[in-house]
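Student: Could we go through this model together, starting with the packing and then turning to the backbone?

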Amino acid sequence: MKEFFQHTAMSDGVTVRVAVNFLPEQSRIEAGKWFWVYHIRIENDSDETLQLMTRHWRITDGNGDVSMVDGEGVVGEQPVIVPGRSHDYVSGCPLPTPQGSMEGYYVFLREDGSEVEAAIPFFPLAAPATAR
């Protein structure tokens, strides 16, 4: 199953895996809108229970314009991940260009109240040449 995820980052006992796909059916190329869906798996490889509190994204389009997205949890949840378990979610990203990239980090809370920052790996967003 891990082969499904094209991009991986490991930090402080947390592994973040990303699979990304272009969705032509959600895109409106003639209107200058391209859309990708990404599946994220967060694995708790530490010996502590962690709660995902916030997400921090850096999204760059093909023109080099950067958007910073900060928020609580992921897709409306602040999941608790016990040691040896994982949490999966799916979300999407629209861009005004046929290519770009995403990267960022999550902040988790340990049971003792301290925080853990886990990197989200850099991953490219690239529409096929037929969708340009």
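Predicted model: local features only at pLDDT ≥ 70, side-chain atom pairs only at ≥ 80, totals over all residues.

Student: How many residues has the largest nonpolar core?

Tutor: The largest nonpolar core has 28 residues, such a core being a set of buried (under 20% relative accessible area, 1.4 Å probe, protein chains only) Ala, Val, Leu, Ile, Met, Phe, Trp, Tyr and Cys residues joined through side-chain atoms within 4.5 Å. Among those with the most contacts inside it are Tyr38, Trp57 and Phe123.

Student: And which aromatic cluster do Tyr38, Trp57 and Phe123 form?

Tutor: Tyr38, Trp57 and Phe123 form one aromatic cluster, where rings of Phe, Tyr and Trp (its six-membered ring) pair if their centres lie within 6.5 Å. Tryptophan 57 is buried at 4% relative accessible area, and phenylalanine 123 is buried at 0%.

Student: Switching to the backbone, what is phi at aspartate 12?

Tutor: Aspartate 12 has a positive phi of about 50 degrees, although it is not a glycine. Most residues other than glycine have a negative phi.

Student: Is aspartate 12 buried or exposed?

Tutor: Aspartate 12 counts as exposed (over 50%), because its relative accessibility is 56%.

Student: What about valine 75?

Tutor: Valine 75 also has a positive phi, near 40 degrees.

Key. Residues numbered from 1 in each chain as written. Heavy atoms only, no water. Phe/Tyr/Trp six-rings, centres within 6.5 Å; stacked < 30°, edge-to-face > 60°.
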